[in-house]
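Let's take a friendly walk through this model, from a helix to the strands and the core.

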Amino acid sequence: MVYVTEVVILAKVVIPSLRIIQEAVLSDAEWIRSWYEQLDLLDDKRMNAVCHDQLNHNRMGSSFNKKDRLREFTPGQLVLEQIFPYQDKAKGNFSSNWQSLYMVHLVLTGGALILAEMDGEIWPKHINPDAIKRYYV
């Protein structure tokens, strides 16, 4: 009860319940017809909601991915690896953001890279190409 009036749930307003029909004084045939019309409208509204959700998802994805660049590396290219702030090599604000020179040893199918140091020692772990930039000689 809110301010001495009875609360009506919105779902009951859209799809009339028996209490609302008794207040509106509808016949059984009119009530059944309106009930089926409301149920048909619910399916349409659900489909519209799904379509809008997919459109919004695609729109957000395209705006998120618009700055993505395709980076293709080939074995033998020289690259620099990014130093992330959580790594021990990050020394402060004025230190370099890139580690020393590496060479691409192998390019995996998903785009990941296996790097090798300049002396030929191969890294045991692969690295994401987003953390790599090409070094131009």
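Y36 sits in helix α3, residues 28-65 (helices are DSSP runs of H or I of at least four residues, strands are E runs of at least two, numbered from the N terminus). Y36 is exposed, at 53% relative accessible area (exposed means over 50%, buried under 20%, partly exposed in between, with a 1.4 Å probe and protein chains only).

This is a predicted model, where local features need pLDDT of at least 70 and side-chain atom pairs pLDDT 80 or more, while totals for chains, interfaces and linings use all residues. Residues are numbered from 1 along each chain as its sequence is written, and side-chain values use heavy atoms, without hydrogens and water.

Now to the strands, which count as paired if DSSP finds at least two bridges between them.

| Strand pair | Sense | Bridges |
|---|---|---|
| β1 and β2 | antiparallel | four bridges |
| β1 and β5 | antiparallel | three bridges |
| β3 and β4 | antiparallel | three bridges |

Strand β1 (residues 78-82) has four of its five residues buried, so the rest of the structure largely encloses it. I114 has H126 in β4 as its bridge partner. The hairpin of β3 and β4 has four residues between the strands, and G120 in the turn shows a positive phi of about 105 degrees.

The largest nonpolar core has nine residues, among them V79, Y102 and L115 (buried Ala, Val, Leu, Ile, Met, Phe, Trp, Tyr and Cys joined through side-chain atoms within 4.5 Å). β2 (98-107) and β3 (113-117) each give two or more residues to this core.
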